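Biologist: I have a model open and would like to go through its features with you. Could you bring it up on your side?
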Amino acid sequence: MKNGTAFGALAHFLQERFPVDKMNFHSMVEKKEVPVHSMSWGYYTGGLTLFFFIIQVVTGLLLLFYYQPTVSDAYASVEYITKYVTGGALIRNIHSWSSSCMILFAMIHMITAFAMKAFEKPREITWIAGVLLLFITFTFGFTGYLLPWNQIAVNASKVGLQSVEAAGQYLPGQLSQLPRMAIETFQGEASVGQSTLGRFYAMHVVLLPMAIAALLGLHLLSVQLHGMSQGVDEPPRKVEKFFPVFFFKDVSLWSAVFLILFVIASTVPFDSFLPFPLLEPYNAMGSTPPGIKPEWYFYFVYYPLEMLPFWVILLASNIAVVVLLLTPWIFRGTSRRTLRYISLAASAYLVVITLFGQDILHMVKPGF
Ligand code: HEM
């Protein structure tokens with residue numbers, strides 16, 4: 001009987017989040033309206049993240065025509081794409097720039113959705129799917145970084161995987177085996193090698209795209225079912241039709257952004273922002289480049305890791321993940337004003353640590 005009640009409550013919860021009677025074109029597209037107010041720009045951030053994801057899929061598929069996922073050929077195939085394939089350098093450069101843009105906009109989108117309290121009932125599942133999408137987006141970045149099989153990428157991946165393994169010593173009992181098992185699964189051999197490249201490749205081009213497609217489907221379905229959230233406390237100045245008005249603005253923004261991306265990718269090689277030249281094949285006998293760093297989007301965790309004890313970061317990251325997943329319940333009663341202050345504080349942290357992390361590290365540890 002108790003089970004029946006729990007099952008009924010779950011069914012009711014899901015019915016409210018995914019109302020079957022609203023699953024039609026009229027409710028999800030024709031009737032949908034978008035409020036116009038001071039935070040309306042926040043409604044474009046999810047669409048932009050989606051746009052960069054679409055660019056990743058298209059350019060990624062084109063790169064697949066030539067890329068070889070073996071330690072003997074990966075680097076050479078990337079070099080071949082860059083030097084000899086017509087438009088290859090451009091496609092590769094768009095893929096690199098757009099990957100950073102996708103991560104940047106996924107983070108901005110999460111922060112604005114938080115500030116606008118868009119996680120409130122009935123959007124809890126939209127939010128949780130979003131948190132998982134963000135993790136997947138970061139994992140895309142991590143796995144993609146290894147694929148060119150160059151010196152910096154292989155060494156950076158080794159450091160990343162080692163820090164996962166190091167987490168084991170802080171976990172109790174059987175749980176302490178978990179990171180080691182994860183490393184065995186993803187690394188596949190004693191050190192980063194062919195098995196690792198094969199597994200990272202499988203994740204980057206098959207598993208993660210499948211997971212992101214499923215979660216994105218869930219995310220967008222629930223967005224269309226519930227319409228845009230109110231966003232601000234005061235009543236909106238007006239509302240506009242999602243289709244065609246908002247949709248047209250979305251597509252215009254995408255076109256402008258594509259133009260900017262195209263110009264940047266045609267003129268500025270993404271590699272020029274990296275501290276080490278990307279195109280240098282991995283040499284197991286070669287030295288680990290001093291002061292290797294992950295991509296900029298991991299700086300928010302990388303610099304604290306360099307400055308604070310490992311267990312502090314591990315604890316803080318676990319708390320952050322739990323808080324993110326439970327946000328719809330933890331911040332249910334919090335005012336939008338307070339949520340905006342929290343969002344501003346989080347944004348300030350992310351901007352400062354990403355731009356000035358190296359200087360702060362240098363101050364804390366002069367040797368670095
Ligand atoms: C691959 C990453 C993601 C994509 C492609 C994506 C896409 C979208 C799109 C197109 C919308 C509708 C337009 C908008 O409100 O901006 C949306 C809404 C939403 N997204 Fe995401 N999203 C992603 C990640 C996230 C993350 C990381 C979160 C938060 C944890 C999140 C939470 C939400 C919420 C709560 C809404 C509803 C907004 C409202 O009703 O006002 N999304 N998303």
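Biologist: Is Trp 149 buried or exposed?
Modeller: This is a predicted model. In it, Trp 149 counts as buried because it has 24 C-beta neighbours inside 10 Å, where 20 or more are required.
Biologist: Where is Trp 149 placed?
Modeller: Trp 149 sits in the loop between H6 and helix H7, which covers residues 151-166.
Biologist: And what is the phi of Trp 149?
Modeller: Phi of Trp 149 is near 50°, a positive value in a residue other than glycine. Most residues other than glycine have a negative phi.
Biologist: What about phi of Lys 117?
Modeller: Lys 117 is not a glycine either, and its phi is positive, near 55°. Lys 117 belongs to the loop between H5 and H6.
Biologist: Does that lysine count as buried or exposed?
Modeller: Lys 117 counts as buried, since 23 C-beta neighbours lie inside 10 Å.
Biologist: What is the peptide bond from Phe 243 to Pro 244, cis or trans?
Modeller: That bond is cis, and its omega is near 10°. Pro 244 is found within helix H10, residues 242-267. As background, most peptide bonds are trans.
Biologist: Now the helix packing. At what angle do H5 and H6 cross?
Modeller: They cross at roughly 160°, and their axes come within 10 Å. H5 and H6 are therefore roughly antiparallel to each other, and the crossing is left-handed.
Biologist: Which residues of H5 and H6 meet?
Modeller: From H5, the residues are Ser 99, Met 102, Ile 103, Ala 106, Met 110 and Ala 113. They meet Gly 130, Leu 133, Leu 134, Thr 137, Phe 138, Gly 141 and Gly 144 of H6. The residues of this contact divide into 8 nonpolar, 5 polar and no charged.
Biologist: And how does H3 pack with H5?
Modeller: Helix H3, residues 43-64, packs with H5 at an angle of about 155°, the axes being 8 Å apart. That angle makes H3 roughly antiparallel to H5. H3 passes H5 in a left-handed crossing, and the residues of their contact comprise 13 nonpolar, 11 polar and 1 charged.
Biologist: A change of topic: where is Tyr 303 found?
Modeller: Tyr 303 is in helix H11, residues 299-307. Tyr 303 counts as buried because 21 C-beta neighbours lie inside 10 Å.
Biologist: Which residues is Tyr 303 in contact with, leaving aside its neighbours within four places in sequence?
Modeller: Those contacts are with Ile 353, Gly 357, Ile 360 and Leu 361. As for Lys 293, it is 10 residues from Tyr 303 in sequence, and the C-alpha to C-alpha distance is 9.4 Å.
Biologist: Finally, the overall picture. How many helices and strands are there?
Modeller: The protein has 13 helices and 2 strands. Its C-alpha trace spans about 65 × 55 × 45 Å along the principal axes.

Methods: Residues are numbered from 1 along each chain as its sequence is written. This is a predicted model: local features need pLDDT of at least 70, side-chain atom pairs count only at pLDDT 80 or more; totals for chains, interfaces and linings use all residues. Helices (H or I, at least four residues) and strands (E, at least two) are DSSP runs, numbered from the N terminus. A residue is buried if 20 or more other C-beta atoms lie within 10 Å of its own, exposed if 12 or fewer, and partly exposed in between; C-beta atoms are placed from the backbone. Axes are lines fitted to C-alpha atoms, for helices over the stretch in contact, and angles run from 0 to 180 degrees between N-to-C directions. Angles under 35 degrees count as roughly parallel, over 145 as roughly antiparallel, 65 to 115 as roughly perpendicular and the rest as oblique. A crossing is left-handed if the near helix is turned anticlockwise from the far one by less than a right angle, and right-handed if clockwise. Ala, Val, Leu, Ile, Met, Phe, Trp, Tyr, Cys and Pro count as nonpolar, Asp, Glu, Lys and Arg as charged, and the others, Gly among them, as polar. Two residues are in contact if their C-beta atoms, placed from the backbone, lie within 7 Å.
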